Amino acid sequence: MSFFLEKECEVNFGFDEEELARRVVDYCLEYMSFPFEAEVNLTLTDNEGIRTINREFRQIDSPTDVLSFPMLSYEIPGDFRFLEEEDVEGDFNPDTGEALLGDIVISVDKVAEQAESYGHSREREFAFLIVHSMLHLFGYDHMKPDEAAVMENKQELILSGLRILRHKEEIL
């Protein structure tokens, strides 16, 4: 797996965000039985930075917690069989052969705000946002209630598998 982290702002989470992000991305790939080596990019920015991106790409002029930019087009979420076809050349990095899953952008300000608001640790919030975004990179969405239920279930199963639970003292 190739994992690239870019920090556009100061990050003071109090934990090693790169190590945790790599662990979460790697676990998501394993949980979903992703059949190829993959490339994932994570950018950490502040509320103003994510607001600019949100405005540019979604025409929503406000900050959000996480944005996902999938590089693959799925007919069925989590079904990777299409990547075995011969005409998917653009879905792989020509230098490494890794599948280009996509980009994740997280507001470090929102991580802190939401962790406080939900009463859990920044580690849990950060990991949750990565899991949520990885599911988007695997083709899942939450626009309809049935889609949201599937995503929420997968999020909880992945976080439980990582032993990253809601209460601060339960994070390992």
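Predicted model: local features only at pLDDT ≥ 70, side-chain atom pairs only at ≥ 80, totals over all residues.
Helix α3, residues 108-118, lies across strands β2 and β4. The helix runs at about 65 degrees to β4.

- Four strands build an open sheet, and their order is β1-β2-β4-β3.
- The pairing in this sheet is mixed.
- β1 (2-7) and β3 (66-70) stand at the edges.
- Each of these two has a single partner strand, so one side of each is left without a neighbour in the sheet.
- On average, neighbouring strands are turned by 15 degrees against each other, direction ignored.

**The β2-β4 pair**
- β2 covers residues 38-45, and β4 covers residues 99-107.
- These two strands pair in the parallel sense, over eight bridges.
- Thr 45 has Ser 107 in β4 as its bridge partner.

**A closer look at Val 108**
- Val 108 lies in helix α3.
- Is Val 108 buried or exposed? Its relative accessibility is 8%, so Val 108 counts as buried; the cut-off for buried is under 20%.
- Leaving aside neighbours within four places in sequence, Val 108 is in contact with Cys 9, Glu 10, Val 11 and Phe 13, and also with Leu 44, Thr 45 and Asp 46.
- Val 108 and Leu 5 are 103 residues apart in sequence. In space, their C-alpha atoms are 13 Å apart.

Terms used:
Residues numbered from 1 in each chain as written. Heavy atoms only, no water. Pairing = 2+ DSSP bridges. Axes fitted to C-alpha atoms, helices over the stretch in contact; angles between N-to-C directions. Contact = heavy atoms within 4.5 Å. Buried < 20%, exposed > 50% of the residue type's maximum accessible area, 1.4 Å probe, protein only.
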